[in-house]
Amino acid sequence: MKILLFLGLLAFANAQYSEVRHIALDAVDKLREVLPDYQNAQDVTINKLYESKRKALGELNSFYNRTLDLKANSLKSLMNAELDILSYGDSIEVWCWENNIPSLQGDMGWAGNKYSECIKQLDDSIEKDVAEIYGQFTESEAKIQKYKLLQVFFKPSNIISKPEPMADTISKLKIDITNDIPHFEDIIIRFVEDLHAKQFEYTCCLNDLLKEFNNRMETLRSRSEICLKSQK
């Protein structure tokens, strides 16, 4: 009778052992089954992130191109004003113009310094915007990388003695991580708006520079006009 009881318990234990081991192996198979979905979710999210990066870089390059156009056009206007005043000086008596040459050279040096100030102000103002958007890209990349499938096997889980909770965790595993990534469309729109606002400020700086330079050229012209009138 004891032998039969022992054999019965042994059979029951073996059955439990077999079931537990089956659950452990089943947990591994379940994780293997979600790999394609996991890979697809990773691909979708990474592509979304890198496409947003590409757009941001494209907008930044467009910003730089527009900035260079603004600077080039402003320089052309200033140089034309310089040529105009030089042509004026060549058309009048030398003694009514020669004293203005040092002033003109000083005004050109002043303009060069102002151009440096304007571009430095622009660069400083966009530095924070660029750092912020690329910081969000980096943060999102870190979020993608934190999703590790194998962590379901970490402690306190025990695939040998208690595989049931592990199997349940795998069945509830979150695969779609796209919603955890920010909507970069909105972020890029705000980024572009900020760039346009900063560029407008730069344009104002250039316009103020040209206005002041033209006033200085008029001052030179007025001095010469006064000299010419005194000669009559």
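Visitor: What is the handedness of the disulfide between Cys118 and Cys205, left-handed or right-handed?
Guide: In this predicted model, a disulfide joins Cys118 to Cys205, with an S to S distance of 1.9 Å. The torsion about the S-S bond of Cys118 and Cys205 is about -80°, so this disulfide is left-handed.

Visitor: Which helices hold Cys118 and Cys205, and how many residues apart are they?
Guide: At 2% relative accessibility Cys118 counts as buried, and Cys205 is buried as well, with a relative accessible area of 15%. The pair links distant parts of the chain, with Cys118 in helix H2 and Cys205 in helix H4, and the separation is 87 residues.

Visitor: Which parts of the chain does the disulfide between Cys96 and Cys227 tie together?
Guide: A disulfide also joins Cys96 to Cys227, with an S to S distance of 2.0 Å, and its torsion is about -75°, so it is left-handed. Cys96 counts as buried at 5% relative accessibility, and Cys227 is buried with a relative accessible area of 17%. The two cysteines lie 131 residues apart in sequence, so the pair ties together the loop between H1 and H2, which holds Cys96, and helix H4, which holds Cys227.

Visitor: What is the pairing of the bonded cysteines, numbered in sequence order?
Guide: A search of the whole structure finds two disulfides. One joins Cys96 to Cys227, and another joins Cys118 to Cys205. Numbered in sequence order, the bonded cysteines therefore give the pairing 1-4, 2-3.

Visitor: How far from Cys204 is the nearest cysteine sulfur?
Guide: Cys204 is partly exposed, with a relative accessible area of 29%. Cys204 is in no disulfide, and the nearest cysteine sulfur, that of Cys205, is at a distance of 8.7 Å.

Visitor: What distance separates the C-alpha atoms of Glu185 and Ser52?
Guide: Glu185 is found in helix H4 and is partly exposed, with a relative accessible area of 44%. Although Glu185 and Ser52 are 133 residues apart along the chain, their C-alpha atoms are separated by 7.3 Å.

Technical notes: Residues numbered from 1 in each chain as written. Predicted model: local features only at pLDDT ≥ 70, side-chain atom pairs only at ≥ 80, totals over all residues. Heavy atoms only, no water. Helix = DSSP H or I, 4+ residues; strand = E, 2+ residues; numbered from the N terminus. Buried < 20%, exposed > 50% of the residue type's maximum accessible area, 1.4 Å probe, protein only. Disulfide = S-S within 2.5 Å.
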